[in-house]
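Here are my comments on the model, as numbered points. Please read them with the structure open.

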Amino acid sequence: MRTTPGGSKRTRPTLIAVGFLAIGVSLAAQGGVTFDRILHADKEPQNWLSYSGTPLNQRYSGLAQITPANVKNLQLQWIWQARSLEKFETTALAVNGVLYTVQAPNDVVALDAETGRPYWTFAYSPAADARTCCGRVNRGLAILGDTLYMGTIDAHLLAIDAKSGELLWNTTVAKSSERYSITMSPLIVKDKVIIGTAGGDGPIRGQIAAFDAKTGKELWRFFTIPGTGEPGNETWSGNSWMTGGAGVWNAGAYDPETNLTFFGTGNPAPDWDGRGRVGDNLYSDSVVAIDADTGKLKWHYQFTPHDELDYDSTQVPVLADIQFRGRPRKAMLWANRNGLMYVLDRTTGEFLLGRPYVKVNWMDGFDAKGRPQRVEGKVPTKEGTLIQPHVHGATNWAPPSFSPRTGWFYVAHWENSATVVTEGLSPRPAGANPRQTTMGQVNLQTFFNNEDEAYGVVRAYDPQTLERKWEYRMSDITWGGVLTTASDLVFSGGKEGYFFALDAKSGSLLWKAALGGQVNSGPMSYSVNGRQYVTVAAGSSLFAFALPGETR
Amino acid sequence: MQNAEVRMQKAYVVSGFSRTVAIAVVVSAFCILHSELRPVVYAQHETAFDVEEGGRAFRNTCANCHGPDGNEIAGIDLGRGQFRRPMTDADLIAIIRKGIPNTPMPATNMTEEQAARIVAYLRSTAASKRTASVSGDAVRGKSLYEGKGNCTSCHRVNGVGSRLGPDLSRIGQLRRAGELETSLVDPGAEVQPTNRFYRVVTKSGATITGRLLNHDTFTVQMMDSKEELRTFRKDDLKEHGFAPTPMPSYKSTFSQQELADVVSYLVSLKGTTRS
């Protein structure tokens with residue numbers, strides 16, 4: 001049509017009777033979020049342009065107005081309450097003073113970042129047959145240009161105009177009637193929107209697909225379980241590959257130097273019984289490196305071969321350029337649900353280092369290629385086997401952080417967790433307390449764990465050695481993520497409903513706020529008009545904090 | 001349904017205490033008058049919000065099969081209250097929620113309250129203006145929309161055009177032909193609350209106009225004429241208030257035939273949703 005990008009060409013101006021308005025034809029191109037801006041989002045720390053800040057997923061904010069010295073003065077600026085009884089797992093995006101978040105399951109909301117007042121709500125009703133394993137949740141949006149992208153719990157991918165909240169297109173990624181769903185934030189690479197399908201606790205076959213950002217047309221699709229004749233298919237006995245799970249349900253990463261995208265994959269299905277799927281079950285519980293243009297697999301690393309303990313590897317891949325054993329390495333840092341922490345070379349997939357970061361009893365070392373060595377008998381048995389860590393993990397999906405200033409990896413997880421796995425049955429808690437490692441909930445709950453039962457921590461790890469630098473200990477476990485900032489602050493929260501700030505160098509508690517609901521999200525930071533804000537979702541609400549400003 | 005009816009009435013009684021006495025009296029009187037005719041009339045105390053929400057839900061859920069006017073299935077004209085057999089509000093609510101077995105009418109996951117709002121909307125349309133008789137050409141209408149009418153300078157269709165006015169990509173699902181014609185010839189006659197125009201003058205003297213998206217005691221949210229989402233604190237403003245719609249009347253710009261053509265084009269816009 002006759003629009004002039006970037007201008008306001010009006011062919012017949014006399015037809016507009018009202019003179020006081022200078023209405024321009026779309027000026028969108030000027031203010032849109034280009035892929036270049038997303039890649040280099042660290043250069044505009046006032047904004048938060050993707051799930052964990054940049055495609056490297058470091059969840060590090062370059063803002064430094066809030067410091068260890070003044071953080072104790074943080075004040076609540078506003079709360080936005082969702083009309084939802086679901087967990088609030090979304091990390092908001094911040095674009096030039098506008099926040100975009102999701103009201104679970106799949107309503108998109110645009111808020112003024114200074115006041116929390118809504119500009120618009122895009123309401124979406126998922127199909128009635130949509131099923132999710134662990135809550136009708138959404139972890140976040142992506143933006144490119146002036147368009148927001150959201151995966152839905154009925155496994156659609158939607159494009160929504162970021163200015164007006166109007167639906168632009170709606171594509172089916174997979175069928176919700178076949179138990180596929182989407183809960184993760186999409187990954188933008190150049191002109192593509194890349195997203196994966198959840199549902200791997202049921203009989204699905206996990207997928208990652210790329211769509212044209214403009215039209216929603218599918219460009220490629222990668223199956224996380226190889227089909228007949230493809231390498232890796234032989235790691236599944238019989239036809240188990242067809243319904244072997246390996247869902248993808250957390251944010252991916254992108255490395256522009258190699259044009260590779262990285263996604264963690266979920267457990268093989270059925271979760272706790274591997275008797276019908278003999279073999280390593282590739283590429284379940286793995287990280288897959290996929291060429292962004294072609295969708296072809298470049299490399300993979302499997303964290304937990306032939307998993308019978310529900311150790312999804314759907315943690316957020318964290319990419320960092322670090323000095324490792326005396327030379328620079330393009331690394332990938334990974335704190336896995338299976339209790340092991342890893343440093344991988346993200347260009348080749350080479351295993352550089354791995355070690356337990358919590359009590360682990362199912363493996364006792366790695367071979368030269370980084371394959372874990374199983375401890376005999378630590379599998380589901382008729383009488384039940386005690387396994388550490390718990391099936392919910394040492395950590396689960398909550399996004400960790402890497403600070404390029406300290407060079408440390410910050411992870412919220414839990415210690416001393418264990419479970420008993422019995423052949424053919426769902427795992428049960430170890431010991432008398434069935435509530436050691438319960439799932440995240442919306443509201444606060446009473447809590448009874450003793451010292452020997454699972455507890456939550458935020459820890460700093462040195463990627464050189466994967467040794468712990470410090471620990472901040474909570475009573476209850478945590479499903480909250482971690483943010484670091486350029487002033488060496490660490491923000492996190494947990495099931496107890498506290499949102500807190502720690503010293504990134506020492507782990508000392510510097511500030512806390514009781515939010516009255518469980519923190520099930522990763523914090524993020526942005527600034528508007530020179531004022532830094534830190535947000536986190538807790539309960540069913542989004543909270544924004546800042547230092548005291550002028551009284552309005 | 002019985003339980004549900006009781007629940008609805010209880011809900012009313014409870015909330016009635018917190019409402020104004022006047023409303024309670026009016027509604028109670030209405031209940032008494034109509035209790036013989038319709039066993040339970042959910043829509044009897046609907047608010048404008050209920051009707052608007054019901055209309056939105058109708059357009060999102062029902063209009064795909066029933067059409068924007070509710071008359072695209074033979075023997076059924078929802079907008080005129082014509083069904084294949086007599087229907088009470090309770091019957092309609094049950095059908096909206098549970099569907100009709102062995103027919104294409106599916107069950108939904110709506111609550112009773114949501115279904116009741118759709119019924120409220122349908123009842124309200126029975127009394128409203130009917131579809132205009134239009135015999136236009138949508139292809140010619142599209143040319144007029146883009147050319148002589150210069151509609152893209154304010155409106156957007158499938159991602160093309162300005163966002164300042166209402167997005168028209170799905171307008172054929174949302175509005176009837178008669179309503180669209182009215183908007184073209186007498187745009188000020190009925191402006192949807194979500195499309196109202198607003199004007200602020202800052203203390204530094206800048207005047208900003210745009211579509212009002214939200215406002216409260218302290219702040220105003222607008223999409224300004226550059227299509228930016230803006231928030232203003234009222235303390236920072238010298239003036240602020242509603243402004244007349246910038247939509248011109250096309251009464252003298254378009255001939256009757258041209259108007260019919262543009263309306264035809266607008267009616268043909270059903271959105272880009274696909275699956």
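1. Two strands count as paired if DSSP finds at least two bridges between them. The model is predicted, and the pairings below are computed from it. Strand 37 (residues 531-538) and strand 38 (residues 541-546) of chain A run antiparallel, joined by six bridges. A:V534 has A:F545, in strand 38 of chain A, as its bridge partner.

2. Both strands belong to an open sheet of four strands in chain A, ordered 2-38-37-36 with antiparallel pairing. Strand 2 (75-81) and strand 36 (524-528) of chain A form the edges, each pairing on one side only. On average, neighbouring strands of this sheet are turned by 30° against each other, direction ignored.

3. Next, the nonpolar cores. The largest has 183 residues. A:L93, A:Y100, A:L141 and A:I143 have the most contacts inside it. Helix 9 (residues 256-267) of chain B gives the most to this core: seven residues. Domain 2 (138-189 + 249-267) and domain 3 (197-243) of chain B each supply at least three residues.

4. What does A:Y100 touch, not counting residues up to four places away in sequence? Its contacts are A:A92, A:L93, A:V95, A:V108, A:A110, A:L141, A:I143, A:L148 and A:A162. A second, separate core has 16 residues, including B:L78, B:A116, B:I118 and B:A120.

5. Helix 4 (residues 89-98) of chain B has B:D89, B:A90, B:L92, B:I93 and B:I96 buried. These residues lie on the same side of helix 4 of chain B, because they cover an arc of only 160° around the axis. Just after this helix, B:G99 takes a positive phi of about 75°.

How values were computed. Residues numbered from 1 in each chain as written. Chains lettered and ligands numbered in written order. Predicted model: local features only at pLDDT ≥ 70, side-chain atom pairs only at ≥ 80, totals over all residues. Buried ≥ 20, exposed ≤ 12 C-beta atoms within 10 Å, placed from the backbone. Helix = DSSP H or I, 4+ residues; strand = E, 2+ residues; numbered from the N terminus. Arc of directions from axis to C-beta. Axes fitted to C-alpha atoms, helices over the stretch in contact; angles between N-to-C directions. Core = buried A, V, L, I, M, F, W, Y, C linked by C-beta atoms within 7 Å. Domains from an automatic or database assignment. Contact = placed C-beta atoms within 7 Å.
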